[in-house]
Amino acid sequence: MDLPRYVAYQAVAAVHRDDAYANLVLPALLREEGLTGRDAAFATELTYGTLRHLGTLDAILTDAAGRDVARIDPPVRDALRLGAYQLLHTRVPAHAAVSSTVDLVRTVGMGATGFANAVLREIAGRDSDAWVAKLAPASETDPIGHLALAYSHPQWIVRAFAEALDGDLGETTRLLIEDNERPAVHLCARPGLADAVELADQVGGTPGAFSPYAVYLPGGAPGELAVLAEGRAHVQDEGSQLVAEALAVAPLDGPDEHWLDLCAGPGGKAGLLGALAAQRGARLTAVEVSEHRARLVSLATRGLPVTVLQADGRTVGAEPGLPEGHFDRVLVDAPCTGLGSLRRRPEARWRKQPSDLPPLTRLQRELLVAALRAVRPGGLVAYVVCSPHVVETHVTVTEAARRAGIPADFVDARPLLPAGMPGLGDGPSVQLWPHRHGTDAMFLAVLRRG
């Protein structure tokens, strides 16, 4: 048995069988099997690549097998997905991809080796572009359907991306391509505790393009870095750093002592805001409804002027630690579909559904209204989601501001981001993009209470 391929199979099977998350299950498997270096990198590439391209691989498998992929025995199906990915998206020679996958099927799906061999040889007869040309709808008559199959995203997500990009299908294509690339790991050097340039030198990385705290890692396992264990840095996408810092740097009249993170788990933005608060003589209250995630926030903010409160952020005014009209700066990093981080969580694109939106947008509106109650007159609220879906971004923030019954004005968020950042739009809100900025697709709107 080829161990890297078997580890990748175990990870992909766990995602589909147990609803596991690849970023959690794969590192544990690598440690368990003792895989390091090139073997670990190969297993990682197979796992994440297969999950990213799942929709297109399944369409190809259906055609090559002459039966719907759902009718293939699940262990054999996952092995074939890995084999198809190797044939169509890696430099593994076809004979090696076929023979190693048949060996894998022999282990996980007894009696299916002949079937697997036939299907893989059929797939090997065309390259990826030729399969797309055969199976995808014509781009002239069904552009969304064509892009969905060509770049392996559900159609509803492609449609949402295109709408957020004002119908520009060329730019939508660039976004989908970027979504299928393996993203770099970003670190956040906590201000006052670490310097990004010095940290980049220490870890063999490079300073970020926009955030003054960002460091890009070339690869490896960031969890093994001493600077993380010491609490001087944490793993955080540069886009998340930028939207948190935007709240902290926004001009504010009057007192600036009481900050609030209304949806703090697992603690990345709270860690950055807490470090900034320490430099400014302020204190952050970090609210998280989940007991487990509240513990994570406590761990992420150790040694910082942060009070962690396990509570529902919507209970402003009823919770003793959440008085109305008390806070100077409030962050609402609201629960969302996470469509902006699909490149980091490849299985998420196949789990999310349009039906997820109504309960999420209702929660987002309720949290933003609570934030407007929590902030003092003249204070600032930053509404943030890791999604470009217009219903979660513009619609939610506009509706919440209208329904709150509290006077609030939109602040132009563009000057709150680093000078020279391209593609920030017409304001007052800002949408970051993987293909424009190299970040997750974070949305930011800033409101000042009247």
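# Exercises: reading a predicted fold

Pro428 sits in the loop between strand E10 (408-411) and strand E11 (430-431). Helices and strands are DSSP runs numbered from the N terminus: a helix (H or I) has at least four residues, a strand (E) at least two.

Before you start, note that the model is predicted: local features need pLDDT of at least 70, side-chain atom pairs count only at pLDDT 80 or more, and totals for chains, interfaces and linings use all residues. Residues are numbered from 1 along each chain as its sequence is written, and side-chain values use heavy atoms, with hydrogens and water left out.

## Exercise 1: Two prolines

Find the geometry of the peptide bond from Gly427 to Pro428, then say where Pro266 lies.

Step 1. Begin with the expectation: most peptide bonds are trans.

Step 2. Now look at omega. From Gly427 to Pro428 it is near -5°, and the bond is cis.

Step 3. Move to Gly265 and Pro266, which are joined by a cis peptide bond with omega of about 0°. Pro266 belongs to the loop between strand E5 (258-261) and helix H15 (268-280).

## Exercise 2: Helices H6 and H7

At what angle do the axes of H6 and H7 cross?

Step 1. Two packed helices are described by the angle between their axes and the distance between the axes. Axes are lines fitted to C-alpha atoms, for helices over the stretch in contact, and the angle between N-to-C directions runs from 0 to 180 degrees.

Step 2. Helix H6 covers residues 94-108 and helix H7 covers residues 113-124; their axes come within 9 Å and cross at roughly 155°. H6 is therefore roughly antiparallel to H7. The scale is: under 35 degrees roughly parallel, over 145 roughly antiparallel, 65 to 115 roughly perpendicular, and the rest oblique.

Step 3. List the contacts (heavy atoms within 4.5 Å). On the H6 side are Val98, Thr101, Val102, Val105 and Arg106; on the H7 side are Thr113, Ala116, Asn117, Leu120 and Arg121. Sorted by class, the contact of H6 with H7 has 5 nonpolar, 3 polar and 2 charged residues. Here Ala, Val, Leu, Ile, Met, Phe, Trp, Tyr, Cys and Pro count as nonpolar, Asp, Glu, Lys and Arg as charged, and the others, Gly among them, as polar.

## Exercise 3: Helices H4 and H7

Which residues of H4 and H7 meet?

Step 1. The axes of H4 and H7 come within 9 Å and cross at roughly 115°, which means that H4 is roughly perpendicular to H7.

Step 2. Ile60, Leu61, Ala64 and Ala65 of H4 touch Phe115, Val119, Glu122 and Ile123 of H7. Sorted into classes, the contact of H4 with H7 has 7 nonpolar, no polar and 1 charged.

Step 3. H4 (residues 54-65) also carries Asp58. Is Asp58 buried or exposed? With 13% relative accessibility, Asp58 is buried. The cut-offs are under 20% relative accessible area for buried, over 50% for exposed, and partly exposed in between (1.4 Å probe, protein chains only).

## Exercise 4: Aromatic pairs

How many aromatic pairs does the structure hold?

Step 1. There are 2 aromatic pairs. Rings of Phe, Tyr and Trp (its six-membered ring) pair if their centres lie within 6.5 Å; planes under 30 degrees apart are stacked, over 60 edge-to-face, and the rest tilted.

Step 2. Tyr6 and Tyr9 are stacked, at 6.2 Å centre to centre with 20° between the planes. These two residues lie 3 residues apart in helix H1, so about one helical turn separates them. Tyr6 is partly exposed at 24%, and Tyr9 is buried at 10%.

Step 3. Tyr383 and Phe443 have ring centres 6.3 Å apart and planes at 70°, so this pair is edge-to-face. It links distant parts of the chain, 60 residues apart: Tyr383 in strand E9 (residues 375-385) and Phe443 in strand E12 (residues 443-449). Tyr383 is buried at 0%, and Phe443 is buried at 0%.

## Exercise 5: Positive phi

What is the phi of Asp19?

Step 1. Most residues other than glycine have a negative phi.

Step 2. Asp19 has a positive phi, near 55°. Asp19 lies in the loop between helix H1 (3-18) and helix H2 (22-33) and is exposed, with 53% relative accessible area.

Step 3. Asp166 has a positive phi too, near 60°. Asp166 is in the loop between helix H10 (155-164) and helix H11 (169-179) and is exposed at 74%.
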